[in-house]
Amino acid sequence: MHELDERSVKAVARGLSRWFETNARDLPWRRTRDPYAIWVSEIMLQQTRVETVENYWGRFLERFPDVASLAAADEDAVLNQWSGLGYYRRARLLHRGARHVHAQLGGALPETAARLREIPGVGPYTAGAIASIAFDQPAPLVDGNVARVHSRLAAIEEPAAQDAKAKHHWTFVERVLGHGRPRVLAQALMELGATVCTPRSPSCASCPVRRQCRAHASGRSELIPAAKVKKKSPEIQLDGLALRFGRRILIERRPNEGLLAGLWCLPLFELGAGDLAARREALAAAASEAIGVAISLDEQPKPAVKHVFSHRVWHVLPWSGRARRAVKIKARADGRSFAWLEADSEPEGGVPTLTRKLLRASS
DNA sequence: CACGCGTGGAC
DNA sequence: TGTCCAAGCGT
C-alpha cells in the first residue's frame, strides 16, 4: 500500500466537489451555518443514523436555540430532550461543553480544531467537522465513512490501518481539503461513504471517483474494509416492577455511573432466573426492602421485554404491584432516587426507550 | 488502548 | 430470526 499521488488526490477533490453539488442530501443541518447548530448535529450524529437525528435536531434547537440557553439549562432538561436518542453521555458532555463555551469563551465557538478539541465531548473527528463545516477551515476529519472511502481508494488491506484513528487517513483528508472548499469537501467525503461507498454493496458504478479507486480496479471494494470480529453480548434476566399507588407509578433514577446512568426507569432487580413463583417471592422481598414499603404483587408478570443494548441484552419480566402506602422519597449517595409519576405524565429528566417499553408492557 | 456506552433500520 | 451496524468520545 502506498499513498495516492497528488494528481489522484486532486482528481478525487474535483470529482467529489462536482458530485456533491448535485447529489448532496438536503439535510436540515446543512441549511444553517450557525456553528452551535452544526455542533449539536455532529454530537447527535455520533454513531447514530441520519434518519434518527432528523427527529431530534430541530426540536432540540427549538428548546435550546443557542449556547446561552443550553448552558443555562438543567442537565435533566437536556437529557429529557435527548430521550430515546441513546448514548446519553453525549448529552451530558454537550451540556458541559456549552457551559465551557459560555463561561470560558464568551459564548462563541472557537474556529480552530485545536481549540474546539478542548470542549468536552469534542474529539478529533468532531473538532475537524466543526472547523471544516462551520468555519470552512482546512481541518481534517476522519469518521467511519472517510476511513472506508480512503481504505478503498488506496486499497488498504491491513485491518489496523483501516481504523479511523490511523494517521494516513488524516493526512489524506488534509491533502484533499487543499484542493477546494473544505466545507464542501469534508461533507462530500462523508456523503460519499454514506450513500455510495457503503459498507456493503457499494454503488461503484455511480461513484464519481471510481477511476481513482484501487479497490475498484482490483475488484476488491466489497472486501475492504475487513469484517470486524464481534464478540457476543452477555444476556441477563431482570425483574422490573411497575409499582402503583392510586394513579401514580414509582420510577427510579438509575445510578450516576454505567448503563442508562442518571435516567429514569422502573425499579429493576437482578434476582437470577428461577421459576416464576420463586422470582415473584424474591422480587416482593427485594422490592419491599429497597423501596421501604409493603408490596402486593400480581400473580403473573407480563411477557418478558427484550432490550438490546450495544454490548448486552436484557430480558426484563414486567411485574405489576401495589404499594400499601406512599413511600417517602429520598435520594441516595450514588444518585439513585425514587419518584412518583402521575398517570399520563412524563419524568422531568431523561427517559430511555427501555422505560417506555416497560411502561407500555405493564399497563 | 480496549472497552463501555443506546437505538432502530436494513438485509 | 439474527447480524451488522451509524458522522465517536472518554477513560
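Modeller: Let's start with a definition: a residue is buried if 20 or more other C-beta atoms, placed from the backbone, lie within 10 Å of its own, exposed if 12 or fewer do, and partly exposed in between. This is a predicted model, where local features need pLDDT of at least 70 and side-chain atom pairs count only at pLDDT 80 or more, while totals for chains, interfaces and linings use all residues. Residues are numbered from 1 along each chain as its sequence is written, and chains are lettered from A and ligands numbered from 1 in the order in which they are written.

Biologist: Thanks! What percentage of the residues of chain A count as buried?

Modeller: Chain A has 363 residues. By the cut-off of 20 or more neighbours, the buried share is 37%.

Biologist: Which exposed residues sit on the face of α15 turned away from its buried side?

Modeller: Look across the helix from Arg280, Leu283 and Ala287, the buried ones. The face turned away from them carries Ala277, Ala278 and Glu289.

Biologist: Which residues are closest to DNA strand B?

Modeller: A residue is near the strand if its C-beta atom, placed from the backbone, lies within 6 Å of it. There are 19 such residues around DNA strand B. The closest are Gly86, Gly258, Ser310, Pro352 and Thr353.

Key. Helices (H or I, at least four residues) and strands (E, at least two) are DSSP runs, numbered from the N terminus.
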